[in-house]
Amino acid sequence: MSKKLDKKSIKYRFYRGNLFLAICVLSFLLFSNIYNNRIMQRYDNLMQAYLNVENTYNKFNEASMYFKEYLYTENKDKLQKYHIKMLEAIDKVKTLKNNPIILNGQRFQLLENMYASYNETCITIIYNKDTKYEENYNLLQRYEKLIMATSNEYYELITVSMQYEKEALDTIKKVIHVLSVLLLCIVLFWIFYFVYNIIHFIMKPLDQILLNIQKIKEGKYDLSNVSMTSIEMEQLCCALNEMAEQVQKNFEYERDKAKLKQELLKQENENLRKDELLTQSELKMLQNQINPHFLFNTLNMIHCLVDTNQTKIASQMILHTSQLLRYGLEMQNSISTISLELKAIKSYIEIQKLRVSDRIEFVLNIENEDVIGNMNIPGMILQPLVENSIKHGLNNCVEDGEIEIYIAKEDSIVTIEVSDNGVGMLQKLMDEKMVLYNSSEYNEPHFGLYNVIRRLQAFYKEKVQIQIITDINSGFSFIIHIKT
């Protein structure tokens with residue numbers, strides 16, 4: 001019971017692992033980008049602050065020069081330029097003072113105060129030029145020297161701040177290095193986890209299934225351990241168990257059939273004999289819709305896909321095989337519909353595509369499926385026709401082979417056609433076979449076109465017409481006209 005509770009889908013295991021790995025990678029990238037951008041922005045801010053320190057002293061020098069020229073020439077333009085440059089210098093100092101990244105940035109308040117004192121002295125000289133001029137001018141000179149002497153101190157403030165940011169950057173680099181090692185460990189763990197799941201949940205169960213396939217005829221198979229590995233394997237094993245039960249029934253049927261033949265030989269009524277044989281033939285055809293040889297080849301293909309790490313395709317093949325097996329078994333004692341038939345033949349085609357590669361193209365041309373989709377039809381009609389085209393018509397085809405399934409309804413007639421562009425056969429020979437199929441003397445079991453024809457005639461009676469068009473190197477078309 002505990003194993004059953006722990007059983008999960010193979011897809012779920014891989015999706016969960018991929019999600020965890022994606023979250024780790026994205027988190028690492030997000031963390032590193034955010035902190036790298038933050039440090040770079042702070043560095044850019046400090047570089048701009050360094051330029052602002054340089055600019056404020058340059059603006060102050062220009063302002064001082066314009067003011068001195070004004071004193072010598074009393075040119076109003078020079079005074080105007082002094083005011084502009086002085087305001088620009090003060091604005092730069094305010095920007096530096098309000099910059100939160102600069103350590104002890106409030107010390108720029110002293111430089112702003114010195115600019116203000118220098119400016120007040122200049123105003124005093126302008127408006128009181130005749131009073132204590134020399135004393136005020138000397139004071140102005142002292143302010144100028146004092147302001148210029150502070151440049152090294154304020155450059156050092158920026159340098160200290162940049163050093164602090166560099167230490168923070170080094171710390172972040174160490175953290176990112178540690179996280180990189182951790183992420184590498186996670187990736188290596190995921191690789192180990194992925195390989196382990198491939199071996200434990202796909203390759204090993206498939207090997208066990210292939211071994212059990214050989215034992216089905218002996219009745220000694222055991223798929224219980226395989227079915228507990230994953231949901232997909234459970235579905236496949238359930239279908240295989242049902243198929244194995246049908247194989248056992250086939251053996252019993254063969255024994256019963258031998259006894260039945262002996263009894264039928266003693267009967268004088270030929271019609272009763274024909275009906276009994278026809279019924280038994282149809283029953284056997286129903287029980288052998290899915291060829292065990294085809295199933296064995298399909299499982300071998302899945303095994304090869306897993307060996308070549310094409311796990312996604314292998315998972316889809318397992319799903320298609322399981323669906324086709326279940327449909328074939330369910331249709332033994334029930335009537336299907338066109339929609340269900342199309343769904344089953346699509347699974348069969350997907351399996352065959354891998355085997356025939358690009359040498360055969362499958363074309364589905366369905367008109368008004370929503371109208372005719374619910375129409376009743378004997379189960380597993382299309383699969384033998386497609387198999388016949390692959391096995392006989394296109395068996396030696398190297399390239400450009402095509403099999404088309406065409407279904408349409410016009411007025412009250414539903415047309416179903418399966419055609420290929422294979423080697424075909426003489427129309428005369430095909431016509432002779434059709435006459436033989438419809439004769440009362442033909443009573444040998446046949447699992448191809450004969451069974452399809454018999455089942456259609458038994459189900460639809462006079463409402464069905466079957467036409468076969470073929471010729472040498474002109475392909476083969478099996479056409480069914482059903483009156484609704």
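In this short talk I will walk through a few features of the chain shown above, which is a predicted model.

The chain holds 16 helices and seven strands, and of its 484 residues, 43% count as buried. If we take the contacts between residues at least 6 apart in sequence, 74% of them join residues at least 24 apart.

Now to pairs of helices. Two packed helices are described by the angle between their axes and by the distance between those axes. With that in mind, please look at helix 4, residues 108–127, and helix 5, residues 133–149, which pack at an angle of about 160° with their axes 10 Å apart. An angle over 145 degrees counts as roughly antiparallel, and helix 4 and helix 5 are therefore roughly antiparallel to each other. The crossing of helix 4 with helix 5 is left-handed. On the side of helix 4, the residues that take part in the contact include L111, M114, Y115 and Y118, and among those they meet in helix 5 are Y133, Y137, L140 and Y143. Sorted by class, the residues of this contact between helix 4 and helix 5 are 13 nonpolar, four polar and one charged.

The second pair is helix 11, residues 311–330, with helix 12, residues 338–356, and here the packing angle is about 140° while the axes lie 9 Å apart. That angle makes helix 11 oblique to helix 12, and the crossing of these two helices is left-handed. In helix 11 the contact includes M317, H320, L324 and Y327, and in helix 12 it includes L340, A344, Y348 and I351. By class, the contact of helix 11 with helix 12 is made of eight nonpolar, four polar and two charged residues.

Next, let us turn to helix 16, which covers residues 449–460. Helix 16 has twelve residues and reaches 16 Å from its first C-alpha to its last, close to the 16 Å expected at 1.5 Å a residue. How many of its twelve residues are buried? Nine of the twelve are, so helix 16 is largely enclosed by the rest of the structure. The buried ones include L449 and Y450, and also R454 and R455. After helix 16 comes K461, whose phi is positive, near 55°.

D400 is not a glycine, and yet its phi is positive, at about 60°. D400 is found in the loop between helix 14, residues 382–393, and strand 4, residues 401–410, and D400 is exposed, with a relative accessible area of 64%. N473 also has a positive phi, near 60°, and N473 is likewise a residue other than glycine. The place of N473 is in the loop between strand 6, residues 464–470, and strand 7, residues 476–483. N473 is exposed, with a relative accessible area of 63%.

Is S161 buried or exposed? With a relative accessible area of 1%, S161 is buried. Leaving aside residues up to four places away in sequence, S161 touches L46, I101, I102 and L103.

Terms used:
Residues are numbered from 1 along each chain as its sequence is written. This is a predicted model: local features need pLDDT of at least 70, side-chain atom pairs count only at pLDDT 80 or more; totals for chains, interfaces and linings use all residues. Side-chain values use heavy atoms; hydrogens and water are left out. Helices (H or I, at least four residues) and strands (E, at least two) are DSSP runs, numbered from the N terminus. The expected span of a helix is 1.5 Å times one less than its number of residues. Buried means under 20% relative accessible area, exposed over 50%, partly exposed in between (1.4 Å probe, protein chains only). Axes are lines fitted to C-alpha atoms, for helices over the stretch in contact, and angles run from 0 to 180 degrees between N-to-C directions. Angles under 35 degrees count as roughly parallel, over 145 as roughly antiparallel, 65 to 115 as roughly perpendicular and the rest as oblique. A crossing is left-handed if the near helix is turned anticlockwise from the far one by less than a right angle, and right-handed if clockwise. Contact means heavy atoms within 4.5 Å. Ala, Val, Leu, Ile, Met, Phe, Trp, Tyr, Cys and Pro count as nonpolar, Asp, Glu, Lys and Arg as charged, and the others, Gly among them, as polar.
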